[in-house]
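Please keep the sequence and the structure at hand while reading.

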Amino acid sequence: MRQLFFTLILAAVATSGQGQSNRIQLTHQEAQKRVEVTVDGKPFTAYIYPGPAVLKKPVLYPIRSAGGNFITRGWPMDPRPGERIDHPHHVGMWFNYGDVNGHDFWNNSTAVGPEHKGPFGTIVHTGVKSMKSGKDKAEVVVTADWLDKDNKVMLQETTTFEFRGTADSRTIDRITTLKAADKDVLFKDNKEGMIALRLARQLEQPSTKPEVFTDAQGVATKVPVLDNAGVTGMYHSSEGVEGDAVWGTRGKWMNLTGVVNEEPVSVVLLDHPQNVGYPTYWHARGYGLFAANPLGPAVFTDGKAPAMNYTLPAGKSVTFRYRLLIQSGKTSDKFISQQVAGFGR
């Protein structure tokens with residue numbers, strides 16, 4: 001009996017110590033269809049997969065800084081005062097594309113209007129393959145199917161998310177492998193892609209005039225001027241391009257700086273040297289869309305560069321790697337370059 005007692009005590013101590021060592025904690029809430037990510041007990045983000053009746057793809061939502069402030073927009077999931085309510089398909093951080101064998105995965109949402117003709121594709125979560133919390137890093141591997149308009153699988157996706165956090169930073173690595181099913185898959189040269197975030201209002205660039213943005217189908221969306229109080233965003237690329245001028249340019253990384261609830265932050269998206277089309281083109285807009293798209297050289301250069309029209313043969317795979325760094329305080333180009341060197345290994 002005494003031996004059993006001491007065995008239970010030792011097991012309890014070991015379990016307690018293991019829990020304390022797992023600073024980056026993952027919790028799969030299967031009923032809510034989400035995997036929560038915390039750093040030292042503080043909410044960081046969640047991988048959510050509510051299904052096509054709510055979202056047409058799984059996303060990371062919401063995403064917070066080390067200071068606990070949201071860097072992603074709340075609408076349409078959790079609206080906040082003063083936010084823009086355009087582009088309902090912009091939710092959290094996602095990965096998809098605007099023309100995959102003629103199917104639009106980018107614009108698909110429950111609020112899609114008759115002006116969008118389709119056909120639309122849907123990305124459906126199929127499983128959590130593995131999940132591991134840790135002291136310095138947590139990792140979850142998930143799978144999904146890219147379905148055509150007839151719910152037939154076009155692509156099988158396997159994505160590894162790696163989460164890290166310090167007292168003043170949060171990092172997400174996304175490594176996504178796409179495998180073509182029984183047919184070749186054509187990613188037609190298109191500006192609507194590929195990894196993207198929709199940012200909190202404070203991280204938008206102050207707008208001075210109304211804008212109209214047209215998607216790849218020619219559908220126009222009006223983006224009005226709003227009250228710019230507290231709106232502080234500014235883009236800065238690895239090539240030294242700034243502001244709205246970054247759209248359609250190429251770069252190894254993009255840094256968006258701003259202040260959210262008095263917390264200065266840098267939101268940096270890094271491309272990886274092994275990615276197709278490296279260095280990526282930036283589909284980054286001042287109204288809050290922050291996206292990297294390596295597959296649309298012709299559309300981003302008004303035809304000056306030849307169309308890529310990337311084709312993935314049946315049964316073959318391609319992998320895309322990206323890092324999102326959310327750094328509290330100001331971030332120098334030298335610091336970001338060090339991040340690039342570490343990520344590129």
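In this predicted model, N275 sits in the loop that runs between β16 (263-270) and β17 (281-282). The points below start with that residue and then turn to the cavity and the pockets.

- N275 counts as buried because its relative accessibility is 4%, and buried means under 20%.
- The side chain of N275 makes a polar contact with the side chain of D271, at 2.7 Å.
- Leaving out residues up to four places away in sequence, N275 touches T319, F320, R321 and Y322.

**The cavity**

- How many cavities of 30 Å³ or more does the structure hold? There is one.
- The volume of the largest cavity is about 80 Å³.
- The residues that line the largest cavity are Y47, P58, V59, F95, I123, V142, A144, E157, T159, F161 and R174.
- Sorted by class, this lining has eight nonpolar residues, one polar residue and two charged residues.

**The largest pocket**

- The largest pocket holds about 350 Å³ of space.
- Its lining is made of 28 residues, and those nearest the centre of the pocket are H87, H89, N107, H116 and T221.
- At least two lining residues come from each of β12 (211-214) and β13 (220-223).
- Which element gives the most to the lining of the largest pocket? That element is β13, with three residues.
- The lining of the largest pocket divides into eleven nonpolar, ten polar and seven charged residues.

**The second largest pocket**

- The second largest pocket has a volume of about 300 Å³.
- This pocket is lined by 16 residues, and E211, F213, D244, G286 and Y287 lie nearest its centre.
- By class, the lining of the second largest pocket consists of seven nonpolar, four polar and five charged residues.

Note on methods. Residues are numbered from 1 along each chain as its sequence is written. This is a predicted model: local features need pLDDT of at least 70, side-chain atom pairs count only at pLDDT 80 or more; totals for chains, interfaces and linings use all residues. Side-chain values use heavy atoms; hydrogens and water are left out. On a 1 Å grid over the protein atoms alone, a cavity is a set of points where a 1.4 Å probe fits but cannot get out, and a pocket is an open set with protein on both sides within 12 Å along at least five of seven lines; lining residues have an atom within 4 Å of a point. Grid points are joined across faces, edges and corners, and a volume is the space filled by probe spheres set on the points. Ala, Val, Leu, Ile, Met, Phe, Trp, Tyr, Cys and Pro count as nonpolar, Asp, Glu, Lys and Arg as charged, and the others, Gly among them, as polar. Helices (H or I, at least four residues) and strands (E, at least two) are DSSP runs, numbered from the N terminus. Buried means under 20% relative accessible area, exposed over 50%, partly exposed in between (1.4 Å probe, protein chains only). A polar contact is a pair of N or O atoms within 3.5 Å; within protein, one must be able to donate a hydrogen and the other to accept it, and residues adjacent in sequence count only if both atoms are side-chain atoms. Contact means heavy atoms within 4.5 Å.
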